[in-house]
Amino acid sequence: AASDVYKRQSPSFDPHKLEQSWDQLLVDESAPLLLRPTQAQYQPGTALTPFLLAWAMERGEVTLEEPAAGLLQPMLVESGELECVQRPQSIERATLAEALRWACPSPISELGKALGVDAFRDLVQAFGFQGPVGVRLPEANPQALAPTLSTDPMALEAVGQGSLTVTPLQMTRAFAGLLAGGVLPPIRIVDAVRDPGGEWLILLPHG
């Protein structure tokens, strides 16, 4: 049936029946009308680790060969414990490179506390985590990073478990910028559109 097909596809609703189903879609808890790449906001979690390390290295604070105390030690959070995403069978030396490789939170949280709030705010700004990506689509409203009043919240921010939330497209662009040596690339969906008169309008990327 057609309804079964739309359950397996995106969008999950039949766009041909949008007017009839509009009121139901607005109250649907799964938010089918939300444009998730640009509007949905998520805690970055351990995906934030490469950016934190890159920022600390750029500032001359650490190297990847820096010892990582408590590499395999779980980190306590409100919802329980955070452990390495992958637990290594064995390691020769506990370093920040190993913390990055295995996504171990404890050394990264300590690094976040050492860097401090101001450096973290600069990181968030530099990698575009709180500004629009600029793709001519509805985007999430930028939110100011909630003030961090002590080192404990900073430890949570460092492992992506704090007040910072990002959209999938923000994170995608940030990784592209990381690979490009810190330069955020402009993003666009199409190169040009044709106006009603038949003329092509070149769309320059935001950036």
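Modeller: Before we start, contact here means heavy atoms within 4.5 Å. Also, this is a predicted model.

Biologist: Thanks! Which residues of H4 and H6 meet, then?

Modeller: On the H4 side they are Thr49, Leu52, Leu53 and Ala56, and they meet Ile108, Leu111, Gly112 and Leu115 in H6. By class, that contact has six nonpolar, two polar and no charged residues.

Biologist: And at what angle do H4 and H6 pack?

Modeller: About 45 degrees, with the axes 11 Å apart. H4 and H6 are therefore oblique to each other, and the crossing is left-handed.

Biologist: Okay, what about H4 and H9, how do their axes cross?

Modeller: The axes of H4, residues 49-58, and H9, residues 168-179, cross at roughly 40 degrees and come within 11 Å. That makes H4 oblique to H9. The crossing of H4 and H9 is left-handed.

Biologist: Which residues meet there?

Modeller: Pro50, Phe51 and Ala54 from H4 meet Met171, Ala174, Phe175 and Leu178 from H9. The contact of H4 with H9 has seven nonpolar residues, with no polar and no charged ones.

Biologist: Switching to aromatics: how many aromatic pairs are there?

Modeller: A search of the whole structure finds five. One of them is Phe127 with Phe129, a tilted pair with 6.4 Å centre to centre and 35 degrees between the planes.

Biologist: Are Phe127 and Phe129 buried or exposed?

Modeller: Both Phe127 and Phe129 are buried.

Biologist: Nice. Which residues form the aromatic cluster?

Modeller: Phe127 and Phe129 form one cluster with Phe51, Trp55 and Phe175. You've met Phe51 and Phe175 already, where H4 meets H9.

Methods:
Residues numbered from 1 in each chain as written. Predicted model: local features only at pLDDT ≥ 70, side-chain atom pairs only at ≥ 80, totals over all residues. Heavy atoms only, no water. Phe/Tyr/Trp six-rings, centres within 6.5 Å; stacked < 30°, edge-to-face > 60°. Buried < 20%, exposed > 50% of the residue type's maximum accessible area, 1.4 Å probe, protein only. Axes fitted to C-alpha atoms, helices over the stretch in contact; angles between N-to-C directions. Helix = DSSP H or I, 4+ residues; strand = E, 2+ residues; numbered from the N terminus. Parallel < 35°, antiparallel > 145°, perpendicular 65-115°, else oblique. Left-handed = near helix turned anticlockwise from the far one by under 90°. Nonpolar A, V, L, I, M, F, W, Y, C, P; charged D, E, K, R; others polar.
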